[in-house]
Amino acid sequence: MSVETKSKVVLTKNQFGKAENRVVRVYRDTDRHEIRDLNVTSQLRGDFEAAHTDGDNAHVVPTDTQKNTVFAFAKEHGVKSPENFLLNLGDHFTKNFDWVTGGRWAAEEYGWARINDHDHTFYRAAPEIRTAVLVREGDKNTVISGFYDLTVMKSTGSGFKGYPKDKYTTLEETDDRILATDIATRWRYNTTDIDFDATYNKVKEIILTTFTEGHSPSLQQTLYQIGEAVISAVPEIDEIKFSCPNKHHFVSDLSFCGLENPNEVFYAADRPYGLIEATIAREGAASEEEAWVGIAAFI
Ligand SMILES: O=c1[nH]c(=O)c2[nH]c(=O)[nH]c2[nH]1
């Protein structure tokens, strides 16, 4: 085959924009400043056929313009919540450019707290990174929020037993072990008419409280119970996903020097780790698989 011979191809899914715009908004209406610290990605979907096939840029809202819009909106609209910020971007691009029929806008938020209750001095305080994704198609918005890197541990109140054994099994059953994980979770709202900040705080609180309560027979059941608690408490959430490492802590064998070790000294292994992933959905709720596309590694 000659090198000039081209196969017939068609453009299928595509989107484009500016990734990871690091925008910090300072509210300084009074001497007591407030800050919101975001990492925002904007990507447009619509009729961009000619740009790809013919090099015709008539529809290509430059990624540079998308970046500028992110920074201008931080001033013009402020950051009520990451989700509201993304909804403003989605409205803007779909309403002002006929051929933009939708898109994907994503944000991470980094949390800050005041040093000694000072008016304008802060330290990075939230252990977790908050996430938000808006997928817009026509007039339909789907918002998926969440967080990752919230590391939690139970020093007892967890066990693992009753599992099948074969010739490769060495694990001992236990009623008392350390359960530790880095919680990564995303939940899908069935509305955009909600106080996103208040709901974020409520979901985080439910996750931490449910992790605390009761005896855990496995990380699987703990995640299921957390998901059930979130969906029961928040009617605006239809689905929640988790991707959580089981960060193994092995009891250190101190018998070499005659010491007993009743679950006091552990070796914290960093790898391998169990990887427990699950989706818990409201029964009967529509699933929105398309909105999850592009969300890395299960969640
Ligand atoms: O909570 C757990 N779930 C498992 O699936 C598992 N497998 C394992 O070896 N330890 C654990 N712990």
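Visitor: Hi! How many other C-beta atoms lie within 10 Å of aspartate 176, and is that residue buried, exposed or partly exposed?

Guide: In this predicted model, aspartate 176 has 13 other C-beta atoms within 10 Å, so it counts as partly exposed. The cut-offs behind that are 20 or more for buried and 12 or fewer for exposed.

Visitor: What separates aspartate 176 from alanine 51?

Guide: Their C-alpha atoms are 61 Å apart, and along the chain the two residues are 125 residues apart.

Visitor: Let me zoom out. What size of box do the C-alpha atoms of the protein chain fill?

Guide: Taken along the principal axes, the box is roughly 75 × 70 × 40 Å. The protein chain has six helices and twelve strands, and 28% of its 299 residues count as buried.

Visitor: What share of the contacts with a separation of 6 or more comes from residues 24 or more positions apart?

Guide: Those residues account for 65% of such contacts in the protein chain.

Visitor: Okay, new topic: helix α5. How many residues does it have, and what does it span?

Guide: Helix α5 covers residues 219-233, which is 15 residues. From first C-alpha to last, α5 reaches 21 Å, close to the 21 Å expected at 1.5 Å a residue.

Visitor: Which residues of α5 are buried?

Guide: The buried ones are Leu219, Thr222, Leu223, Ile226, Gly227, Val230 and Ile231. They lie on the same side of α5, because they cover an arc of only 160° around the axis.

Visitor: What covers those buried residues of α5?

Guide: The cover includes one helix, α4 (196-212), along with the strands β8 (179-189), β9 (237-246) and β12 (274-281).

Visitor: Tell me about α4, then. At what angle do α4 and α5 pack?

Guide: They pack at about 140°, and their axes are 9 Å apart.

Visitor: Nice. Which residues make the contact?

Guide: On the α4 side, Val203, Ile206, Ile207, Thr210 and Phe211 take part. From α5, the contact uses Thr222, Gln225, Ile226, Ala229, Val230 and Ala233. Thr222, Ile226 and Val230 are also among the buried residues of α5.

Key. Residues are numbered from 1 along each chain as its sequence is written. This is a predicted model: local features need pLDDT of at least 70, side-chain atom pairs count only at pLDDT 80 or more; totals for chains, interfaces and linings use all residues. Helices (H or I, at least four residues) and strands (E, at least two) are DSSP runs, numbered from the N terminus. The expected span of a helix is 1.5 Å times one less than its number of residues. The arc is that of the directions from the helix axis to the C-beta atoms. Two residues are in contact if their C-beta atoms, placed from the backbone, lie within 7 Å. Axes are lines fitted to C-alpha atoms, for helices over the stretch in contact, and angles run from 0 to 180 degrees between N-to-C directions.
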